Amino acid sequence: MTPVHFSFSSAFILGLMGLAFHRTHLLSALLCLEGMMLSLFIALALWALQFESTSFSAAPMLLLAFSACEASTGLALLVATARTHGTDRLQSLNLLQC
């Protein structure tokens with residue numbers, strides 16, 4: 001495994017571990033998701049550059065578009081949660097009360 005692949009793999013794993021183990025606030029979960037998407041975007045862009053093919057060049061932009069949609073949806077949910085519950089702590093959210 002090259003150092004480049006190791007760094008992107010470790011960045012993705014750290015984001016995944018942060019999402020799995022540090023679930024106190026919704027904002028921290030969203031930041032971990034964005035870190036994971038950023039590492040996937042960079043890895044996919046380098047993969048497309050490595051093959052030097054035009055058919056792979058659209059994949060990083062498509063992933064970036066989905067990442068932007070995910071971020072806007074997450075922020076909208078964060079604002080809605082903060083308005084209705086008064087906090088973004090995940091422990092205060094209960095699906096049975098909705």
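This is a predicted model: local features need pLDDT of at least 70, side-chain atom pairs count only at pLDDT 80 or more; totals for chains, interfaces and linings use all residues.

**Entry 1: the aromatic pair.** The partners are W47 and F51, arranged edge-to-face, with 5.1 Å from centre to centre and 85° between the planes. Where do W47 and F51 lie? Both are in helix α2, four residues apart, which is about one turn of the helix. W47 has a relative accessible area of 36%, so I put it down as partly exposed. F51 comes out at 45%, so F51 is partly exposed as well.

**Entry 2: α1 against α2.** I then went to helix α1, residues 3–21, and helix α2, residues 26–51. Their axes come within 8 Å and cross at roughly 160°. Angles over 145 degrees count as roughly antiparallel, so that is what I call α1 relative to α2. The crossing of α1 past α2 is left-handed. Which residues of α1 meet α2? I listed V4, F8, A11, F12, G15, L16, G18 and L19. On the α2 side they meet A29, C32, L33, M36, S39, L40, I42, A43 and L46. Sorting the residues of this contact by type gave me 14 nonpolar, three polar and no charged.

**Entry 3: α2 against α3.** The axes of α2 and α3 come within 9 Å, and I read a crossing angle of roughly 175°. That angle makes α2 roughly antiparallel to α3. From α2, the contact uses L26, L27, L30, L33, E34, M37, L40, F41, L44, A45 and A48. From α3, I wrote down A59, P60, L63, L64, S67, E70, A71, G74, L75, L77, L78 and T81. How many charged residues are in the contact of α2 with α3? I get two, next to 18 nonpolar and three polar.

**Entry 4: a closer look at S67.** I picked S67, which lies in helix α3. Is S67 buried or exposed? Its relative accessible area is 10%, and the cut-off for buried is under 20%, so S67 goes down as buried. Leaving out residues up to four places away in sequence, S67 touches E34 and M37. Both of those are on my list of α2 residues in the contact with α3.

**Entry 5: A43.** This residue is found in helix α2 and was on my list of residues that meet α1. I noted A43 as partly exposed, because its relative accessible area is 30%. How far is A43 from E70? Their C-alpha atoms are separated by 19 Å, and the two residues are 27 apart along the chain.

**Entry 6: A76.** Last stop: A76, in helix α3, which covers residues 58–85. With a relative accessible area of 46%, A76 is partly exposed. I also checked A76 against G15: C-alpha to C-alpha they are 21 Å apart in space, and 61 residues apart in sequence.

Definitions and conventions
Residues are numbered from 1 along each chain as its sequence is written. Side-chain values use heavy atoms; hydrogens and water are left out. Axes are lines fitted to C-alpha atoms, for helices over the stretch in contact, and angles run from 0 to 180 degrees between N-to-C directions. Helices (H or I, at least four residues) and strands (E, at least two) are DSSP runs, numbered from the N terminus. Angles under 35 degrees count as roughly parallel, over 145 as roughly antiparallel, 65 to 115 as roughly perpendicular and the rest as oblique. A crossing is left-handed if the near helix is turned anticlockwise from the far one by less than a right angle, and right-handed if clockwise. Contact means heavy atoms within 4.5 Å. Ala, Val, Leu, Ile, Met, Phe, Trp, Tyr, Cys and Pro count as nonpolar, Asp, Glu, Lys and Arg as charged, and the others, Gly among them, as polar. Rings of Phe, Tyr and Trp (its six-membered ring) pair if their centres lie within 6.5 Å; planes under 30 degrees apart count as stacked, over 60 as edge-to-face and the rest as tilted. Buried means under 20% relative accessible area, exposed over 50%, partly exposed in between (1.4 Å probe, protein chains only).
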